[in-house]
Amino acid sequence: MSVPARDWDETERQANLRWVADILDGFQDGFCAFDWEWRITHANQAAADYTGMDPAKVFGRTYWEVVPQAVGTELETMLRKAMAERLSIEIELPSALKPGGHIAIRAFPIQGGLGMSFRDVTERHQRMRREQQQSARLQMALSSSGMGDWVWNAATDEITFSDRAGAIFGLQPDQPMTWAQTHALIHPDDRGFVIAEVNRAFANLNQYAVEMRVHPADGRDEIWVMARGQVQLDPQGQPSTMIGVVADITAERIREAQLRETEARFRIMADGAPAPVWVTSAEGPIEFVNQAFADYAGMTREDLLGKGWGTLMAPEDLTFVVAQREAASKTFSAYGWEAKFRRHDGEWRLMQARSSPRFDAQGAFRGYVGIATDVTEMRLAEARQQLLINELNHRVKNTLATVQSLAEQSSRLSRSKDEFKDKFLARLMALSAAHSRLTQSSWDWTPLASVIEDQIKLHGAGQRLRASGPEFLVPPTTALSLSMALHELATNAAKYGALSSDEGEAVFDWAVHDGQVVLRWQETGGPPVNPPTEKGFGSRLLQMVGRELGGEGRLDFAPNGLKWTASFPMPVRKPPQTVI
């Protein structure tokens with residue numbers, strides 16, 4: 001059976017296209033073909049792998065739709081020029097698809113459009129860039145650091161020194177020298193390991209670096225020399241020469257010794273300090289802590305290095321402190337902070353710290369030196385002091401108001417100036433005694449028995465005026481109120497009640513029942529009691545005391561002796577103020 005020529009031609013063409021596609025898919029380079037409208041007509045497997053795109057989904061779409069990153073770039077200019085002018089153009093440029101990558105592209109005209117092959121040359125570009133950077137650094141080092149270079153021919157044992165390298169070894173310009181002759185200039189204690197390092201480099205076809213002591217040929221004092229060498233191979237791959245550099249590092253060695261001595265002194269001084277001291281690197285982590293820091297934290301020095309100390313600080317404060325350090329390090333400035341820090345016993349303490357920048361001999365920033373102080377007690381004292389100042393202001397106002405009230409009440413209820421004077425001064429003395437007692441306790445809570453004892457002593461009634469009750473503390477307001485109440489009771493008893501006769505007695509006692517303080521004043525053996533026809537200052541004061549203390553008070557003018565009872569809730573002392 002024969003096949004028509006037209007069908008045979010189409011079959012053969014399709015087979016040829018598949019054959020070409022198979023060949024292109026075998027290439028390691030990526031390949032794309034575009035028609036005159038920039039539609040993609042073919043993309044091989046390497047192109048699909050590089051772009052991460054499915055060829056079946058990009059056929060028929062324009063290149064600029066598929067790779068919009070190329071629009072407006074040098075690649076677009078090159079491709080359009082090759083298409084329009086039917087040119088073959090090769091170029092290497094940054095990849096439009098892979099940031100930081102480079103590709104080598106070749107565009108060339110094909111029937112019906114343009115072909116483009118490409119390969120990823122990122123690794124080669126990076127290698128070339130590294131080599132260029134290394135070469136530039138070497139040239140800069142040789143020109144600015146005082147280094148000298150040299151070449152050693154292994155076959156002849158001859159060393160060619162540059163002028164600077166020869167001067168370091170104390171040689172005359174162009175003085176011939178062999179590697180064997182150089183041995184005599186190296187300090188005997190260093191000679192063996194230097195020769196061994198050079199031999200090792202030759203055997204392993206790599207490089208060496210040593211620091212050694214040298215006795216210069218011109219008779220100068222011993223110096224320290226840094227030498228580095230690299231083996232070079234001949235065309236047959238055999239080691240033939242070695243090139244290298246040398247530098248006089250005597251000054252650096254002296255500075256290092258001085259620095260070690262300085263650091264040793266610093267460590268001795270730091271360990272003798274009673275406060276935590278630390279040293280950080282330029283990047284921030286701690287490099288050294290003194291013994292006081294370790295003792296305060298209850299950790300080893302090693303555990304505090306790096307960022308280990310951060311576990312001891314309150315999280316919210318740690319964020320603030322790190323931000324302070326980062327901001328200060330941008331300008332190499334000193335900075336300070338206060339933060340909550342957990343002590344070795346687990347108690348949170350307030351630490352105040354100051355960090356100062358440190359620099360090396362060349363002025364380069366090396367980090368911070370810090371010292372911290374536990375200011376918990378100081379901040380508590382400051383808070384208490386402010387509280388006392390506020391309390392004093394409040395007390396002064398209240399005292400003035402009380403004195404004014406005493407004056408008004410004593411004046412209004414007195415029949416003469418002398419009576420006013422006696423009443424007013426007596427009440428001032430009672431108030432003064434209470435103030436003296438509270439001043440001894442810094443206007444803090446004070447023993448109730450001491451307050452009552454002070455008032456009893458003012459009246460000098462001996463055993464005829466007695467007081468008893470359990471010992472507990474009362475706040476300043478309670479102490480003042482009870483002082484004035486007891487004064488009024490004792491004064492009234494001395495003038496009109498039980499203490500006005502030789503046989504009379506008065507007892508003041510107090511007790512605590514079910515969270516209530518119960519006060520009782522009882523007079524016996526005095527003249528008959530007649531209820532007053534009008535209420536005076538003392539009566540009103542005694543009835544008000546209970547209410548002022550959050551309870552109640554009652555006067556009983558019994559014929560056989562005045563009674564006064566009062567009760568109020570047991571005062572509850574709040575926990576001490578804290579700053580943490």
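The face of H5 turned away from its buried side carries two exposed residues, Thr 77 and Ala 84. Exposed means over 50% relative accessible area, buried under 20%, and partly exposed in between, with a 1.4 Å probe and protein chains only. The model is predicted: local features need pLDDT of at least 70, side-chain atom pairs count only at pLDDT 80 or more, and totals for chains, interfaces and linings use all residues. Residues are numbered from 1 along each chain as its sequence is written, and side-chain values use heavy atoms, with hydrogens and water left out.

Helix H5 spans residues 74–85. Helices (H or I, at least four residues) and strands (E, at least two) are DSSP runs, numbered from the N terminus. H5 has 12 residues and reaches 16 Å from its first C-alpha to its last, close to the 16 Å expected at 1.5 Å a residue. That expected span is 1.5 Å times one less than the number of residues.

Which residues of H5 are buried? They are Leu 75, Glu 76, Met 78, Leu 79, Ala 82 and Met 83. These residues lie on the same side of H5 because they cover an arc of only 165° around the axis. The arc is taken from the directions from the helix axis to the C-beta atoms. The cover over the buried residues of H5 includes E1, H4, and strands E3 (89–94), E4 (102–110) and E5 (113–120). Contact here means heavy atoms within 4.5 Å. After H5 comes Arg 86, with a positive phi near 55°.

Now the aromatic rings. Rings of Phe, Tyr and Trp (its six-membered ring) pair if their centres lie within 6.5 Å; planes under 30 degrees apart count as stacked, over 60 as edge-to-face and the rest as tilted. By this rule there are 20 aromatic pairs. Two of them are tabulated here.

| Pair | Centre to centre | Angle between planes | Type |
|---|---|---|---|
| Trp 38 and Trp 64 | 5.3 Å | 55° | tilted |
| Phe 365 and Tyr 368 | 5.4 Å | 75° | edge-to-face |

The Trp 38 and Trp 64 pair links distant parts of the chain, 26 residues apart. Trp 38 sits in the loop between strand E1 (30–35) and strand E2 (40–43). Trp 64 belongs to helix H4 (residues 63–66). Trp 38 counts as buried because its relative accessibility is 9%. Trp 64 is buried too, at 13%. Phe 365 and Tyr 368 are both buried.

One aromatic cluster is formed by Trp 278, Phe 293, Tyr 296, Trp 337 and Phe 341.

Charges also sit over rings. The rule asks for NZ of Lys or CZ of Arg within 6 Å of the ring centre and within 35 degrees of the ring normal. Lys 98 lies over the face of Tyr 50, 4.2 Å from the ring centre. The charged end of Arg 253 sits over the ring of Trp 224, 3.8 Å from its centre.
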